[in-house]
Amino acid sequence: MAESESQERNYDNMERMMEDSRDMEELLDQMEKNTVQATWMTYNLVAIRTNPDLTNAMMHLEDAFLRCKEQVEKKWQETLME
């Protein structure tokens, strides 16, 4: 009886973990789409206006994106480890 309850709890935990994984995948996909849109918007601004300050802003945006991506990947790995 105890073994059956343990297996049921393990199944419930696995089910929750799979749901969490799907939720995280959806969030990651949405973040990637938003990032692509932001990158193209910035690229268009740089292409239209050849101001050196905009190029610097693009580099700053890219750095911010890479830091954000790193944090999301780190959180994703932590979630998978739980």
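Modeller: Before we start, one cut-off: a residue is buried under 20% relative accessible area, exposed over 50%, and partly exposed in between. Also keep in mind that this is a predicted model.

Biologist: Got it. So is E32 buried, exposed or partly exposed?

Modeller: E32 is partly exposed, because its relative accessibility is 43%, which falls between the 20% and 50% limits.

Biologist: Where is the place of E32?

Modeller: E32 sits in helix α1.

Biologist: And how far apart are the C-alpha atoms of E32 and K69?

Modeller: They are separated by 8.9 Å. Along the chain, E32 and K69 are 37 residues apart.

Biologist: Stepping back a bit, how many helices and strands does the protein have?

Modeller: Two helices and zero strands. Helix α1 covers residues 2–48.

Biologist: What share of the residues of the protein count as buried?

Modeller: 6% of the 82 residues.

Biologist: And how much accessible surface does the protein have?

Modeller: About 7,300 Å². Carbon and sulfur atoms account for 55% of that surface.

Biologist: Let's look at S21 next. Is S21 buried or exposed?

Modeller: S21 is buried, because its relative accessible area is 13%, and the limit for that is under 20%. S21 is another residue of helix α1.

Biologist: Which residues does S21 touch, leaving out those up to four places away in sequence?

Modeller: W76 and L80.

Biologist: How far apart are S21 and L80, by C-alpha atoms and along the chain?

Modeller: The C-alpha atoms of S21 and L80 are separated by 7.5 Å, while the two residues are 59 apart along the chain.

Biologist: Is M18 buried, exposed or partly exposed?

Modeller: M18 is partly exposed, since its relative accessible area is 42%.

Biologist: Which residues make the nonpolar surface patch?

Modeller: M14, M17 and M18 make a nonpolar surface patch of about 270 Å².

Biologist: Switching to rings: how many aromatic pairs does the structure hold?

Modeller: One aromatic pair. W40 and Y43 form the pair, with ring centres 5.5 Å apart and planes at 85°.

Biologist: Why is the pair of W40 and Y43 called edge-to-face?

Modeller: Because the planes are at 85°, and planes over 60 degrees apart count as edge-to-face.

Biologist: Where do W40 and Y43 lie?

Modeller: Both are in helix α1, three residues apart, which is about one turn of the helix.

Biologist: Last one. Is W40 buried or exposed? And Y43, is that buried, exposed or partly exposed?

Modeller: W40 is exposed, because its relative accessible area is 52%. Y43 is partly exposed, at 47% relative accessibility. The 50% limit falls between those two values, so W40 and Y43 get separate labels.

Definitions and conventions: Residues are numbered from 1 along each chain as its sequence is written. This is a predicted model: local features need pLDDT of at least 70, side-chain atom pairs count only at pLDDT 80 or more; totals for chains, interfaces and linings use all residues. Side-chain values use heavy atoms; hydrogens and water are left out. Helices (H or I, at least four residues) and strands (E, at least two) are DSSP runs, numbered from the N terminus. Buried means under 20% relative accessible area, exposed over 50%, partly exposed in between (1.4 Å probe, protein chains only). Accessible areas come from the Shrake-Rupley method with a 1.4 Å probe; for residues, only the protein chains shown count as cover. Patches are made of residues with over 30% relative accessible area and no salt bridge: like charges are joined within 9 Å, nonpolar side chains (Val, Leu, Ile, Met, Phe, Trp, Tyr) within 5 Å. A salt bridge is a side-chain nitrogen of Lys or Arg within 4 Å of a carboxyl oxygen of Asp or Glu. Contact means heavy atoms within 4.5 Å. Rings of Phe, Tyr and Trp (its six-membered ring) pair if their centres lie within 6.5 Å; planes under 30 degrees apart count as stacked, over 60 as edge-to-face and the rest as tilted.
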